[in-house]
Amino acid sequence: MVSGNNYHAYHNVRQRRFCYAQLYLSSILIFKFKQMIIEKINYWGVQNPGHIAHRSGGKALTYGELLQRSNAVAAFIREQLQDKEPKVPVAIRGHKESEMLIGFLGAVKSGHPYVPIDSSMPEERVEKIIQTSGATLVLDVEKISEITNSRFSEASAPSTSIGPDDPFYILFTSGSTGDPKGVVITRNNLESFVSWMVEEQKFSEQKEVFLNQAPFSFDLSVMDIYPCLVTGNTLVSITRDDVSNPAQLHKTLQAADLTVWVSTPSFAQLCLMEKTFQKKILPKLRKFLFCGETLTSKTAAILLERFDQSEIWNTYGPTEATVATSSIKITKEIIERYPFLPVGYPKPQCNIYIYDEHDQPLESEKLGQIIISGDNVSPGYLGRPDLTARSFFKIGDLPAYRTGDQGYLENNLLFFKGRMDNQIKLHGYRIELGDIESNLETLPGIRSAAVIMRQNNGTDDYLIAFIVDENSNQQTEFERTRTLKKSLAEKVPGYMVPKKFVFMSGHFPMTTNGKIDRKKLMASVK
Amino acid sequence: MSNSQEQSAIQEKVLGILEEITGTGEIRNNLDLSLFDEYVLDSLGLVQLIVSLSETFAIKIAPAEVERDQWSSPRKIIENVEKRVAQK
């Protein structure tokens, strides 16, 4: 095991070489016998320091730079937080820049978990996340860059690291009351997920190029970041500019020379609208890995037709069970047999059960709530024992999580059939409709708000907000819509701002139970 | 059909498609409306618009050729489509 005492400040080249040699030998042992993410990534920094670890927006980061710079950030964090508890998280703010990865690894090497926060997140929401997480140190891309520039020669690795049951990262997701909730993922949780992915997907070492589509604050990105980095491969992020400019996106994808595609199905559907998106522009692509939302058989069939050299994998799992819990390779036979595609078989060391409303297991093929149990299940929500007690429990000695998803098992093959509540997935983003409604209702002049998702075929899905307001300024509907979109965008991420606003007078239609009649609302719009 | 009649028919069809995708009739009131800055159209909507215009007018607009700035207002979109229809 690599102990902290093996690392010393490198005062000269000889000493540095000696320490690298020690690290190299230790890493080989660890690589063979243990699943330790940080040490595996360090190993590539020593073994092949010039190999590209990450490309983003025209910049490249090598494994050697990742090793040294994350060590420098770790040393900085240790200085700053020396009198704090080791579990106090460090907030890392950015989008998909290499500095984010340096910050993540630096935080963990210093003994602290990280909280990724996207730079597009409105300030009000960022403040809520920082407050809830208890983070006292926030590092943005500029700060990380400044630290690594000024301390580049100070490549000493830290003497602390996190234990197997300590938090590795805390990821904030939409909460039904309008406040985001932090899902704690431990080192064991993450290692369980990553080792499964690497083993099942048989990623080659130092030969793969992974696509990173999801922002680093979204748990889908964990599916590309860590399986890529522990195998010494190259991660290519597409930027905001790429996504907002179809011409640029096309060029970036073509230039990346990808071998592994990780994205939401919506993103692939978007790319498929371009008829030249086929094998010819990605000749080395051998695998599509999908997670985050439903993969339709239509999308899978088109992909198999256009990329006949590539495998397609569908996976399923909530953030609370570390990215993905089940997987299946989608073939023509699977599409023919199951027009509504399955989401896979459980990963090793994980069980999936279907429970009825009384928490009793259901037999095969019966529809009920999906329960996940295993070493990938999070210990709970940070600082929210009430929410944790509601959703997390034990089956035997293993932690278990009530997903709130509906589904059934057929010969241990899982089928997902939507949510049991008002949580939705829009283009891969997990959203509590109550989160948007609560934030809308805090805006001036709004009496009540209800939000629904209009479902078409995946790419055409969008949110509609129904508003009962005072309209004291006698604005037109367009002006009211524009004002609300701008105000809401200051409170919630852009993907949570509804596309359409419908203004109503009086009150919403109600069901006999006194709840908002969302079906009637849905029927009232074209 | 005269040139001006044809242009007017194209304009009407483009605005109809744009209205359906953006969900607002405001695009008819202000042809210089900044679609992206005013939260009317997003990147996904832009791709949907391109696909829909390509099918409606039987013109080739590959998303890979589209520069966002050239499609940022109803007027620019109409001009773009008119030019491509004339080149058919």
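The lining of the largest cavity is made up of twelve nonpolar residues, two polar and one charged, where Ala, Val, Leu, Ile, Met, Phe, Trp, Tyr, Cys and Pro count as nonpolar, Asp, Glu, Lys and Arg as charged, and the others, Gly among them, as polar. The model is predicted, so to speak of local features requires pLDDT of at least 70 and side-chain atom pairs count only at pLDDT 80 or more, while totals for chains, interfaces and linings use all residues. Residues are numbered from 1 along each chain as its sequence is written, chains are lettered from A and ligands numbered from 1 in the order in which they are written, and side-chain values use heavy atoms, with hydrogens and water left out.

About 160 Å³ of space lies in this largest cavity; a cavity is a set of points on a 1 Å grid over the protein atoms alone where a 1.4 Å probe fits but cannot get out, and lining residues have an atom within 4 Å of a point. Its volume is the space filled by probe spheres set on the points, which are joined across faces, edges and corners. Of the 15 lining residues, Pro246(A), Leu249(A), Leu270(A), Cys271(A) and Pro63(B) are the closest to the centre. H10(A) gives the largest share of the lining, four residues. Helices here are DSSP runs of H or I with at least four residues, and strands are runs of E with at least two, numbered from the N terminus.

Turning to the interface, 19 residues of chain A and 23 residues of chain B take part in the contact, defined by heavy atoms within 4.5 Å. The two chains bury about 1,900 Å² between them, 62% of it on carbon and sulfur atoms; this is the accessible area (1.4 Å probe) lost on putting the two parts together, summed over both. Pro246(A), Met273(A) and Phe478(A) supply 29% of the area that chain A buries against chain B, more than any other three residues.

Two salt bridges are counted between the chains, each a side-chain nitrogen of Lys or Arg within 4 Å of a carboxyl oxygen of Asp or Glu. In one salt bridge, the side chains of Arg482(A) and Glu38(B) meet at 3.3 Å, N to O. H16(A) (477-489) is among the helices that supply at least two residues of the side of chain A that touches chain B, and with five residues H16(A) gives the most.

Terms used: 1 Å grid on protein atoms, 1.4 Å probe; cavity = no way out; pocket = protein on both sides within 12 Å on 5 of 7 lines; lining within 4 Å.
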